[in-house]
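Hi! Here is the structure I promised to hand over. Have a look at it first, then read on for what turned up in it.

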Amino acid sequence: MRRLLLFIPLLIAVGIGVFLFAGIGKDPTKLESARIGKPVPEFQLQDLHDPEHMLDTSVFQGQVSLLNVWAEWCPSCWDEHEYLMHLASNEGVRIVGLNYKDQRETAFSFLGRLGNPYETIIFDPRGSLGFDLGVYGAPETYVIDADGVVLYRHVGVVNERVWQEVLLPVFNQAKGNS
Amino acid sequence: MRFYPLLLAMLFVVSPLRAEVMEVYDFDTRAEEQRYQNLIAELRCPKCQNQNIADSNAPISKDMRDEVYLMMQQGASNDEIVGALVDRFGEFVQYKPPVDKRTIFLWAFPAIAVIGGLLIVAGVVMRSRKQGQQETALSPEEKARVEQMLADKDQPSER
Amino acid sequence: MYPELGQLALILALLLSVLLAVVPLAGALTGRDSLQAFARPLASGMFVFTGLAFAILIHAFLVDDFSVAYVANNSNSMLPWYYKFSAVWGGHEGSLLLWILMLTGWTLAVAIFSRRLPSTMVSQVLAVMGMVCVGFFLFIIVTSNPFDRMLPNVPADGQDLNPLLQDIGLIMHPPMLYMGYVGFSVAFAFAIAALINGRLDAAWARWSRPWTTVAWSFLTIGIALGSWWAYYELGWGGWWFWDPVENASLLPWLSGTALMHSLAVTEKRGVFKSWTVLLAIVTFALSLLGTFLVRSGVLTSVHAFASDPERGSFLLMLLGITVVGSLLLYAFRAPVVHVRSRYGSLSREIFLLLNNVLLVSATLLVAIGTLYPLVLDYLDAGKLSIGEPFFNTTFSPLAVATGLLLGAGIFSRWKKTDGGMLARKLLWPLAISLVATAAVMVNYGSFAPWAFAGVFTAIWIAVATLWDLWDKSASRQGRLHGLKRQSRSYWGMVLGHLGVAMVMAGATVVSNYGVERDVRMTPGDSAMVGDYEIVFTDIGERQGANFTAQYGSFNVFLDGKLVTDLHPEKRNYPVGMSVMTEADIDAGLFRDVFVAIGERISDDAWAIRLQYKPLVRWLWLGSLVMAIGGFLAIADKRYRIRVKAEEKQKAQAGNTAPGKPAEASS
């Protein structure tokens, strides 16, 4: 009977082992957005192309959209841009851009070289909307439903695999609901 | 070293005129400054490899420090400041996990472990006492072994 | 050509380790001396081939052989030679090779220093060491070969060693740390061997003790070096961050400390055997867990190696086999019979048992705090961070309790301590500690409950330790004679405990009375930190060996007198395009003044971090004192070989079971 007690350490060790095993291969730096299920925070920011035109959360009303956080200084943004072009022109995805901590001129030169997949671009030179959204590094891509509620956030480059496996299912679900 | 006296002299002349330097963030009192330091030490940079926003050079940490400072100037409490950042970046950014049903075991663990351990020790002592009273007979073999072990205790000064 | 030889050497070492794991054990189980006789040569051979592989890797670094992928990734031709040398263990593969070199080194050491032990015991211990080696040789050869080539596209130059690692800290910290981690494998092997042959007795404890103590001493130095390194090199003056990787090194240290103390009880009194053997297994398991945490990427850390799931799985498998195997053996073979030895509730046995309760609670606390985020994530209960505030709140009471117990325990006796005597003994140390603590509070000018508790505990430990030394060294032939009469192991204990007191004092004072300021300064400005006035005089540029630096010049004044000049730097390493902050520190026994340059705020203004760190050096000095205590303890006479006594005993005992001679030799 008392010998059974000696099995306790083994059980504890195996228990810990299960959690360690589950942890392998997961990226502990990937964070889920704290804004999921909540509306996009209120903002009043200029349109990148038209400083006179102020944008607010109404840009997300009525349609399911992707919100892509980008900047000219962000190397991965250059990498994913081509795929965003493809999504916008061939798949008919509505993409709203959030130009994050950038300058107008550099942003224009970026778009001039790579093309513009964005229906609208919010100009956020000080990163205030980015901060309220919880952006911690560009690029980030959010799926936002027709009521302006954040459904999902992807941190890092968007490519064929990410789109098909991660973003598209959420995107389609949002479309089905609206 | 030759310039040393000169330097001292200069200092002597200059120092009354020179006010204390500005903080990177300006605080009214030392207590506020300390509060700020404590806050930024307890907040985690979401982008970095496990650094607080006080130590991290990442731009996001700078933004977060700014926000902490701004909210402090607006008179926000510590909980409000941490809450505002948690709302944006998630619970991940606080190094002090909240006490709730997920973490109650974690927070209570030291007490559980120590109390459990003390109970075990109490059990050991009780049993040793009981056996002491019974004074069970040892087999000759066991007796020899115990004897030998006790004989090990040779030097009085040892642990 | 050479790298292939290195790989070959590793494969040969693997083969030898397989033989070592099998042949002597078979010999021991079947009673064939001829097979057991292979143990020592196999251990030597394994060490030689691993050493050869290591030497070849060093050579590849020194001659800039960038065809070797590991060299190309971790070195650069511009690196000074001594950093090329330490870059050998600057990445995962090389540091793993160092780990294994240490493991084979410890195996060889057991083979050399265990000649007085019964041969079956030696064979079994070495076989267990061999099994551990097999696992790690497989790990390095299969998943992490440091000799992999980048052919035919040999890069023109290497990618450089991370500038954080270009420091004396890297030269010293990992070898010491690994010596400690790996050293616990010896106590583990002794425990497993004792479980296999069912001879878990005082002799086993006596043999394990010195090995445990040495490993512990190395680990203590290793952790202290790491803390010191982080303090000045990571740039921001922190000495312990409760990062998962730091915790991973603390885990075996805490349980190793518990093990040293319970081994003392088992050796002296023959009790708590099952507990002690469990601690020996757990301590090594925690060393392996640490290795896993650092190299698998399951937790986020400032110090971790680049993560790789394949390596993580392999390591976890190794960890699993080792831990499950040994704990199964433990569950079936550990004795459950209660040794009939009497001890009162105030005996030294009980004091040491309480010490174990606290230390093991602390170990489990650190383990749970480190792994909890992983568990929550697995249960989909969110991503939490558990850091400094949590550990400071929960760990400190345990540390204080352990220290208070220590002070009282020093005066306890084996079997039974008279309560009244103990109370009388403690009266004066208590009074002295209270007065001294009050004096410290006055000196630092403020009172805080935890500062008081920590300082009091530190002084309490020191006073009790010295008081006991004074008591014990009383002698009719004079004090000096009395002091000389004390055994080395007693001196070891005294130093160990004084070291603990120093670390506690340092940790408490620097956390409670340290001052930290981030100020905006332009040349000519001055700022106060603690009692020190810091004047920013100038900023300039200089060219280093493989970097360019902007350096600031600061004068440090105390009461209007110049104390020193400090020159912190911001370095720019062009090869890796990285920027590094090099703080400059005026170190002192009672305080450090720390200046680091932060961001440039405007043309001539800089963010400057100023820190006043009282008693911060005591953290590392105390650790050093502890480690010296450990080394002193194992130099004790009773551990030295007494061939003659042993032979005599053998002759007398004739064919008694092996495993006894060492007991009789004392």
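**Chain C overall**

Chain C holds 21 helices and 10 strands. Before you go further, keep in mind that this is a predicted model.

How does the radius of gyration of chain C sit against that of a compact globule? A compact globule with 666 residues would come out near 26 Å, and chain C has 27 Å, so the two agree. If you draw a box along the principal axes, the C-alpha atoms of chain C fill roughly 85 × 75 × 55 Å. As for burial, 63% of the 666 residues in chain C count as buried. The contacts tell you about the fold as well: taking those in chain C with a separation of 6 or more, 73% are between residues 24 or more positions apart.

**A four-stranded sheet in chain C**

Now zoom in on one sheet. Four strands of chain C make an open sheet in the order 1-10-9-8, and the pairing is antiparallel. Which strands stand at the edges? They are strand 1 (515-521) and strand 8 (584-586) of chain C; each has a single partner strand, so one side of each is left without a neighbour in the sheet. On average, neighbouring strands here are turned by 20° against each other, if you ignore direction.

A hairpin takes you from strand 8 to strand 9 of chain C through four residues. These two strands run antiparallel and are joined by three bridges. One pairing to find on screen is Asp584(C), whose bridge partner in strand 9 of chain C is Val595(C).

Strand 9 of chain C then forms another hairpin, with strand 10 of chain C, and five residues lie between them. Here eight bridges join strand 9 (residues 591-600) to strand 10 (residues 606-614) of chain C, again with the strands running antiparallel. Two pairs are handy landmarks: Ala596(C) has Arg609(C) as its bridge partner in strand 10 of chain C, and Arg600(C) stands opposite Trp606(C) in strand 10 of chain C.

Is strand 9 of chain C mostly covered or mostly exposed? Mostly covered: eight of its 10 residues are buried. While you're looking at these strands, remember that in a regular strand the side chains alternate between the two faces of the sheet.

**Chain A**

Chain A has six helices and seven strands. Reading from the N terminus, its elements go α-α-β-β-β-α-β-α-β-α-β-β-α.

The radius of gyration of chain A is 21 Å, whereas a compact globule of 178 residues would be near 16 Å. The box filled by the C-alpha atoms of chain A is roughly 80 × 35 × 30 Å along the principal axes. Of the 178 residues in chain A, 49% are buried. Among contacts in chain A with a separation of 6 or more, residues 24 or more positions apart account for 70%. The accessible surface of chain A is about 8400 Å², with 55% belonging to carbon and sulfur atoms.

**A stretch of chain B**

One last stop. An unreviewed UniProt entry annotates residues 104-125 of chain B as "transmembrane region". In the model, residues 104-125 of chain B are 100% helix and 0% strand, and the end C-alpha atoms are 31 Å apart.

Happy exploring!

Conventions. Residues are numbered from 1 along each chain as its sequence is written. Chains are lettered from A and ligands numbered from 1 in the order in which they are written. Side-chain values use heavy atoms; hydrogens and water are left out. Two strands pair if DSSP finds at least two bridges between them. Axes are lines fitted to C-alpha atoms, for helices over the stretch in contact, and angles run from 0 to 180 degrees between N-to-C directions. The radius of gyration is taken over C-alpha atoms; the globule rule is 2.2 Å times the number of residues to the power 0.38. Buried means under 20% relative accessible area, exposed over 50%, partly exposed in between (1.4 Å probe, protein chains only). Contact means heavy atoms within 4.5 Å. Accessible areas come from the Shrake-Rupley method with a 1.4 Å probe; for residues, only the protein chains shown count as cover. UniProt positions are given in the numbering used here, feature names are shortened, and annotations may be inferred rather than shown by experiment.
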